[in-house]
Amino acid sequence: MELTSVLKFLENRTILVTGATGFLAKIFVEKILRVQPNVKKLYLLLRAKDNKAALQRFNTEAVAKDLFKLLREKYGANLNTFISEKATIIPGDITCENLGVKDPNLVQQMWREVDVIVNIAATTNFDERYDVALDLNTFGAIFVVDFAKKCSKLKVLLHVSTAFVSGEKAGLILETPYNMGETLNGTSGLDIDKEKKVMEETLKQLKAEGSSENSITSAMKELGIERARKYGWPNTYVFTKAMGEMLLGNLKEDIPLVILRPTIITSTFQEPFPGWVEGIRTIDSLAVGYGKGKLTCFLGDPKAVIDVIPADMVVNAMIVSMMAHADERGSQIIYQVGSSVSNPIDFTSLQDYGLRYFRENPWINKDGKPVIVGKVTVLSTMDSFHRYMALHYLLPLKVLEIVNTTLCQYFQGKYLELHRKINFVMRLIDLYGPYLFFKGIFDDMNTEKLRRAAKEAGIEIDVFNFDPKSINWEDYFMDTHVPGVVKYVFK
């Protein structure tokens, strides 16, 4: 690993980014354009029907966002000109040959010019349809690595995965790769080609039976969860991401490969400004639900460490690792980017920050009145959760069912609504439960070595900070993250 100036490394580079309108990808693109305007070219791949639609989508979902406000301030009316000079927006799809790029001349040009490939395209839904998740998260990796092999100047392929490919492992989780066919529960027989066949045959059968689109979607979601749990993974997302890692490691040949595994990604810590976020993640939905007065209990182990990391730190780690492993032919390294070793924060602290924030800054409801919040019940085990649900929801549901039957379905609407809400909550707990009681700690020894090497080499660590030890969690959550989430919700 040879470290030089990151800004110098980025100068005159051509970088291909897949999934260019995703949360992390947009922060990555903005960062490159802002700190190194002399980057040669960014090829930005995203799903769209044609060039015009691709450009419109990128402008709407990226450039028009607050995220780009520093660039707007710097370039003013010339921002679009600057972006058009530096970025080529391409309609494409990583589930297709040549990444779905239709123009053969453009494909040839990319093969000649691309120095770095950053693969961020993915579906992150825990219960995504199995066919969709396999195509994107697993087999998309094959098309990406095939494309990379044809890039004559390629210095490194960076693939963004997730730390939670570890499933529900407890203890110290190492930065080690998954071998082909490896499973988390020791069950033998995981064959990625067979998984594709199982998916295709199930889909074919459902269509042959004349199933509705809703029925097919539901069945394919259930299939994903079933296949994941067969081999020890808790959900379709992390299972298909793990298989994607296996394929990359197996097929890369002499391509320098960096796999980056972030933990729970939160709003920006510093850049381009503190608190930018898009989308509501699990811990955010709990905070917002509490602030709105809709959350009567928290479920989770009070002592559990919740591994979170700000998005800009993830992006900085991506950029520094690209530089660090450029031209290391045949190498593969994994970086887990999180905080549970370097600067851990527990569930109780997170809960406390949420309570304090909304007491001091009450949520304003639809009537313009502040929502007064109080302490909530903390359910520290699944058994206590099931008892709570039985007493507060399932028992009233049963009473309502009896009354409804007695009164000739008079309360049918209320009964169905309550039944639907309970099923929704139970589904969420089924999906997210493993993370509420997660007992793993993500080793970040490789990431720490990279941080130290960067510091010792005197590279721009102030510009590319990815050290979670620099975060004061109380200040971050109270003054940056929760206000950022609230701002996003009110947009």
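Predicted model: local features only at pLDDT ≥ 70, side-chain atom pairs only at ≥ 80, totals over all residues.

Let's start with asparagine 12, which counts as exposed because its relative accessibility is 51%; the cut-offs are under 20% relative accessible area for buried, over 50% for exposed and partly exposed in between, with a 1.4 Å probe and protein chains only. Asparagine 12 sits in the loop between α1 (6–10) and β1, where helices (H or I, at least four residues) and strands (E, at least two) are DSSP runs numbered from the N terminus. Its phi is near 60 degrees, so we have a positive value in a residue other than glycine. Why bring that up? Because most residues other than glycine have a negative phi, and most peptide bonds are trans.

Residues are numbered from 1 along each chain as its sequence is written, and side-chain values use heavy atoms, with hydrogens and water left out.

Glutamate 253 is another one with positive phi, near 55 degrees. You'll find glutamate 253 in the loop between α10 (236–251) and β7, and at 57% relative accessibility it counts as exposed. On the peptide-bond side, look at the step from glutamate 271 to proline 272: that bond is cis, with omega near -5 degrees. Proline 272 is in the loop between β8 (264–266) and α11 (282–291).

Right, on to the sheet. What is the strand order? Reading across, it goes β3-β2-β1-β4-β5-β7-β11, which makes 7 strands in an open sheet with parallel pairing; two strands pair if DSSP finds at least two bridges between them. At the edges are β3 (87–91) and β11 (332–337), each pairing on one side only. From one strand to the next, the twist averages 15 degrees, and axes here are lines fitted to C-alpha atoms, for helices over the stretch in contact, with angles running from 0 to 180 degrees between N-to-C directions.

Now zoom in on β1. Is it buried or exposed? Mostly covered: 5 of its 5 residues are buried. Side chains in a regular strand alternate between the two faces of the sheet. In β1, Thr14, Leu16 and Thr18 are on one side, Ile15 and Val17 are on the other, and all are buried.

For neighbours, β1 pairs with β2 in the parallel sense over 5 bridges, with leucine 16 opposite tyrosine 43. To get from β1 to β2 the chain goes through helix α2 (residues 23–35), and that β-α-β crossover is right-handed: with the strands pointing away from the viewer, the path from the first strand over the helix to the second runs clockwise. β1 also pairs with β4, again parallel, over 4 bridges, and there isoleucine 15 stands opposite valine 116.

Helix α3 (residues 51–63) lies across β2 and β3, at about 120 degrees to β3. Helix α12 (residues 311–324) packs on the sheet too, touching β1 (14–18), β4 (116–119), β5 (156–160), β7 (257–262) and β11, with contact meaning heavy atoms within 4.5 Å. The direction of α12 makes about 165 degrees with that of β7.

Last stop, the rings. How many aromatic pairs does a search of the whole structure find? It's 19, where Phe, Tyr and Trp rings (the six-membered one for Trp) pair if their centres lie within 6.5 Å, and planes under 30 degrees apart are stacked, over 60 edge-to-face and the rest tilted. Tyrosine 231 and phenylalanine 239 are a stacked pair, 6.2 Å centre to centre with 25 degrees between the planes, and both are buried. Tyrosine 231 and phenylalanine 239 also belong to one aromatic cluster with Tyr130, Tyr178 and Trp233.

Then there's tryptophan 473 with tyrosine 476: centres 5.8 Å apart, planes at 70 degrees, so that pair is edge-to-face. They're 3 residues apart in helix α17 (residues 473–489), which means about one helical turn between them. Tryptophan 473 is buried at 6% relative accessible area, and tyrosine 476 is buried at 2%.
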